[in-house]
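Here's a quick briefing to read with the model open beside you. Keep the viewer handy and follow along group by group.

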Amino acid sequence: MLLSLSLVLTYGAYLSYSLLSKQLQQRASGQPDGEPRNEHWSTGLSWSRYAALWSWALAQDFHIGGIGLLALLTAPLAWTMFLYHVYLVWAGTTTNESSKWSEWKEYIEEGLVYKWVGTTNGVFAESRDLETEPPVDWPVHSPQRLFRSEDGQPPVTSTDAGGIAASWQPVRGLYEIENLYDLGFWDNLKDVFWPV
């Protein structure tokens with residue numbers, strides 16, 4: 001939808017420009033000496049004269065000019081939103097998750113985040129109701145656990161809930177954290193348009 005909106009707005013701005021430019025070309029070719037002008041109407045004009053002629057064209061046909069200006073000014077917004085959503089699909093996140101990841105990034109920069117990676121062996125396993133929860137392509141459980149410290153120190157526990165020795169490592173960047181929902185750009189795109 002964002003792509004089609006962006007394309008329609010861009011085409012609307014182009015169409016308005018071409019119609020008004022055609023009017024300006026007809027006005028420029030009707031010189032008092034009667035000789036037709038073969039070059040583009042704006043050739044050799046100063047910037048002030050160029051702006052004055054565009055103002056004249058907008059005033060002559062303000063419906064086309066107004067719609068064209070509206071399309072011209074809103075097309076970059078639509079393209080920006082479209083490209084942002086392509087980025088979110090590439091990153092495997094939603095807009096809410098991007099806010100969450102920005103918070104984690106700040107905590108990581110402050111040195112407050114630690115990561116434990118290992119086999120869960122059912123330690124952190126959560127029960128799932130397969131009748132109500134749809135099947136998903138991404139892993140249901142992650143082998144990593146994150147801990148946000150208040151004082152920059154790792155957790156004081158030496159073992160996890162299953163009695164396995166926990167090895168908490170400081171996280172230096174978001175690249176060290178596994179995004180459970182990121183399947184890769186093409187699989188994320190497929191999941192958006194053709195969910196399971």
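S1 and S2 run antiparallel and are joined by 5 bridges; two strands count as paired if DSSP finds at least two bridges between them. Strands here are DSSP runs (E, at least two residues), helices are DSSP runs too (H or I, at least four residues), and both are numbered from the N terminus. A word on what you're looking at: this is a predicted model, where local features need pLDDT of at least 70, side-chain atom pairs count only at pLDDT 80 or more, and totals for chains, interfaces and linings use all residues. Residues are numbered from 1 along each chain as its sequence is written, and side-chain values use heavy atoms, with hydrogens and water left out.

**The sheet**

- Tryptophan 116 has tryptophan 168 as its bridge partner in S3, and lysine 115 has glutamine 169.
- Put together, the 3 strands make an open sheet in the order S2-S1-S3, with antiparallel pairing.
- Strand S2 (144–148) and strand S3 (168–170) are the edge strands, each with a single partner, so one side of each has no neighbour in the sheet.
- Neighbouring strands are turned by 30 degrees against each other on average, direction ignored; the axes are lines fitted to C-alpha atoms, for helices over the stretch in contact, and angles in general run from 0 to 180 degrees between N-to-C directions.

- Leaving out residues up to four places away in sequence, lysine 115 touches Gln144, Arg145, Leu146, Ser167, Trp168, Gln169, Val171 and Glu176; contact means heavy atoms within 4.5 Å.

**Helix against helix**

- The axes of H2 and helix H3 (residues 62–91) come within 5 Å and cross at roughly 115 degrees.
- That makes H2 roughly perpendicular to H3, since angles of 65 to 115 degrees get that label, while under 35 is roughly parallel, over 145 roughly antiparallel and the rest oblique.
- Leu58, Ala59 and Gln60 of H2 make the contact with Phe62, Gly65 and Leu69 of H3.

**Aromatic rings**

- Rings of Phe, Tyr and Trp (its six-membered ring) pair if their centres lie within 6.5 Å; planes under 30 degrees apart are stacked, over 60 edge-to-face, and the rest tilted.
- By this rule the count is 9 aromatic pairs.
- One of them is tryptophan 47 with tyrosine 50, an edge-to-face pair at 5.9 Å centre to centre with 80 degrees between the planes.
- These two sit 3 residues apart in helix H2 (residues 47–60), so about one helical turn separates them.
- Tryptophan 47 counts as exposed at 73% relative accessibility, whereas tyrosine 50 is partly exposed at 27%.
- Tyr17, Trp47, Tyr50 and Trp54 form one aromatic cluster.
- Elsewhere, the charged end of arginine 148 sits over the ring of tyrosine 107, 4.5 Å from its centre (the rule asks for NZ of Lys or CZ of Arg within 6 Å of the ring centre and within 35 degrees of the ring normal).

**Two more residues to look up**

- Serine 21, in helix H1 (residues 2–29), counts as buried at 9% relative accessibility.
- Not counting residues up to four places away in sequence, serine 21 touches His40, Trp41 and Trp54.
- Glutamate 106 belongs to helix H4 (residues 95–109) and is partly exposed at 47% relative accessibility.

**The whole chain**

- The protein chain has 5 helices and 3 strands, running α-α-α-α-β-β-β-α from the N terminus on.
- Of its 196 residues, 22% count as buried.
- Among contacts with a separation of 6 or more, 70% come from residues 24 or more positions apart.

Definitions and conventions:
Buried < 20%, exposed > 50% of the residue type's maximum accessible area, 1.4 Å probe, protein only.
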